[in-house]
Protein chains: 2
Amino acid sequence: MAMSKHPSPVTIYAVAEAAGVSIATVSRVLSRPDVVAAHTRARVRSAIADLDYVPAGSARSLAVRQNEAHGLVLPELSGPYYSELLTGYEAAAADAGQSVVLMLAFGKTDLVRAVRNLAAKVDGIAVLGSIGLPGPVLAGLVRSTPVMVIAGDPADGIEAVNAENRSSTMALTRHLMDHGRSKLLFLGDPQSAPDVRDRYAGFVDAYAADARVGGRRSRASDRAPAPIAMAFVESEGARIADEIATGRLDADALVCANDEVALAVIHRLKQLGLRVPADVAVVGFDDLMAARYVEPGLTTVRQPVRELGSLIATRLHDRIGGAPARSAPTVLPTELVIRQSCGCPAPDIRQPADAASAPLADPNRRTRPITVQHEGVTP
Amino acid sequence: MAMSKHPSPVTIYAVAEAAGVSIATVSRVLSRPDVVAAHTRARVRSAIADLDYVPAGSARSLAVRQNEAHGLVLPELSGPYYSELLTGYEAAAADAGQSVVLMLAFGKTDLVRAVRNLAAKVDGIAVLGSIGLPGPVLAGLVRSTPVMVIAGDPADGIEAVNAENRSSTMALTRHLMDHGRSKLLFLGDPQSAPDVRDRYAGFVDAYAADARVGGRRSRASDRAPAPIAMAFVESEGARIADEIATGRLDADALVCANDEVALAVIHRLKQLGLRVPADVAVVGFDDLMAARYVEPGLTTVRQPVRELGSLIATRLHDRIGGAPARSAPTVLPTELVIRQSCGCPAPDIRQPADAASAPLADPNRRTRPITVQHEGVTP
DNA sequence: CTGTTAGCGCCTTCAT
DNA sequence: ATGAAGGCGCTAACAG
């Protein structure tokens, strides 16, 4: 029946009148119900219910000088990585009574304006490191609101929370070397994002360490080869695979900046008739769900993405509460996940499930990987 | 240097003073720059820049009586479906100058309170149909803010936008019958969500139509079999597959409520040594990315998820602007995607890409599906 | 073109 | 235990 064009203007005054009390009392039953007499409280509550009163958030925010909301800027939402991150973030924010206002940078024509706009409606912002936000812009934001960066570099007033990238990648790379591989290639553009940069650094570290130990492996070169810059898109992965198949690129092992790249490359390599890992070993980073389903299982690094998200939200909340920005980045520990794409043999603990005796199959069983904790700086 | 505990209280008064004008003028350069003299405008702007002034959103919202934000309640974020939806929603909202505050229902202990809280900070809300929000609660919300439901049923004041479910599933089911399959099973719980319910209805429709035409296929029964209720989780899919393998469930074709179920079932079926589609055909719904990568390619129904998201946001915006709620649901057209899991032969247009001549491989090439538009009620 | 002045709806001392 | 009143920061007439 009711078809008011504008949402009903049920204000605190309306309920106050309906309950025969002052707005102060209504406000009290909303915030500190215990300080108001039982019967008045009841009257007020029934008035609230009758009118379906919903206090205006903006008015409250203005009065308490808190938006009670956390901003989050992500590049996009494709793939499970960002979704996981967002899930963890939302959960932690909600636990702290904060709502989250999300913004997807990809495709925004005027990112800067959009971010400023966001900043106006929240108490703090978390931004993904790989988003190309001009430094000065961030610096400006910092003056009005706490800023956190995920998988990026800390800066003055900007706190960073990352997953361990460098030593994990180094370990992964050395693992490949231990398999006797000598023509390694790093797939990814270190310039594209801080985490890719760090992973490449780990790749380089592995070479340095290897040289130090003494060239016990084939020494095509002591220095790490330059990274093969590429976008994180399927077609790029396929392109690289093509170049390897044709011999244009010479490699017997590929260290990919992330699983998506690894998966795309493997897919294409197999399609072109090359064997993985026999002809070329491939490792990734992230441990996406798909990593365990491909043939061969992808050796990679698992990072605690959801925890990363919740930690970011929690730290942001702390900072909104007055905690100073940590200048050193917080880095979460990762875990090496050794499957078969690196050349390791399959555990082969497969066991045809009997419907009666083993109703629930653990998908991990099939290729239970060997995992190696890789420390970080826990908060 | 600056380490103010609380975000700097740079208000419109501060910039006004710094620029030597009144707050009204500052407000004007922010909203209608053209009505203020060029030089004063310049002075104000430099003051804004100097102070890194960010107008308080809450104050603005209170004054204009608009939060300029759209709420969105999703159950969770696993899988590509919700991410896509959210992506479309965010894009459309942003285009309309609205920010989106997201809430994930899964795991919330007090969903009702959370939703009310959300409602206080936005101008309108979109909720996924499968979220178990008590009818009365929604009805109450409707009194204070526009409500839209995605993939759900419309109600008084609640407008719905869906993808076509029923006739798409019917077509899919008949397609299976045309392949000569007679022991079909519907996997999914119609009670769990409106869209699953509609899909099952389509499944039933197919049986009804088949009976009408005259039993030209094997007539195990004229009536559609009861649905196999199950949760949309991998383990459940595996369980069903086990039961089929052991003969506990007799079927030669499976109509799954969605792709995730189909994928899980196929995976397990193959693992148990059954052939798909030879022994049992399987079809899904959604056309997830993975649908085209599995062996055999999954025959399914593609629904325009992203468009669904943006349409919901757009309609919500319209309603906030005063448009009345449509009582009939808007349904978006879907498309049958015929691959091989239903029993159809592979197009086999594979063509080993030559690195030089065909640098970019279209992943669709490999199993280009036959698609059939399935109409809906376009907005 | 610019300044003055009411509110917007709620919270919060300060009285009573 | 409750009411009165000032203010949060900004917008929008209304004057000038």
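The secondary structure of chain A comes to 13 helices and twelve strands, where helices (H or I, at least four residues) and strands (E, at least two) are DSSP runs numbered from the N terminus. This is a predicted model, in which local features need pLDDT of at least 70 and side-chain atom pairs count only at pLDDT 80 or more, while totals for chains, interfaces and linings use all residues. Residues are numbered from 1 along each chain as its sequence is written, and chains are lettered from A and ligands numbered from 1 in the order in which they are written.

**View 1. The fold of chain A.** Among the contacts in chain A with a separation of 6 or more, 72% join residues 24 or more positions apart, two residues being in contact if their C-beta atoms, placed from the backbone, lie within 7 Å.

**View 2. The side of chain A that touches chain B.** Here 61 residues of chain A are in contact with 61 residues of chain B. The elements of chain A that give two or more residues to this side are helix 4, helix 5 (80–95), strand 2 (99–104), helix 6 (111–121) and helix 10 (234–245), and helix 10 gives the most, with seven residues. By class, this side of chain A holds 34 nonpolar, 15 polar and twelve charged residues (Ala, Val, Leu, Ile, Met, Phe, Trp, Tyr, Cys and Pro count as nonpolar, Asp, Glu, Lys and Arg as charged, and the others, Gly among them, as polar).

**View 3. Helix 4 of chain A against helix 4 of chain B.** The axes of these two helices come within 8 Å and cross at roughly 135°, the axes being lines fitted to C-alpha atoms, for helices over the stretch in contact, with angles from 0 to 180 degrees between N-to-C directions. The two helices are therefore oblique to each other (angles under 35 degrees count as roughly parallel, over 145 as roughly antiparallel, 65 to 115 as roughly perpendicular and the rest as oblique). Ser58(A), Ala59(A), Ser61(A) and Leu62(A) meet Ser58(B), Ala59(B), Ser61(B) and Leu62(B), a contact with four nonpolar, four polar and no charged residues.

View 4. Of the 27 residues around DNA strand C, Ile12(A), Ala59(A), Ala63(A), Ala24(B) and Ala37(B) come nearest, a residue being near a strand if its C-beta atom, placed from the backbone, lies within 6 Å of it. Helix 2 (23–31) and helix 4 (57–64) of chain A, together with helix 2 (23–31) and helix 4 (57–64) of chain B, each supply at least two residues of the surface near DNA strand C, and the residues of that surface divide into 19 nonpolar, six polar and two charged. Of the 27 residues around DNA strand D, Thr40(A), Ile12(B), Ser27(B), Ala59(B) and Ala63(B) come nearest.

**View 5. The loop at Gly180(B).** Gly180(B) is found in the loop between helix 8 (166–178) and strand 6 (184–187) of chain B, and with 12 C-beta neighbours inside 10 Å it counts as exposed.

How values were computed
Buried ≥ 20, exposed ≤ 12 C-beta atoms within 10 Å, placed from the backbone.
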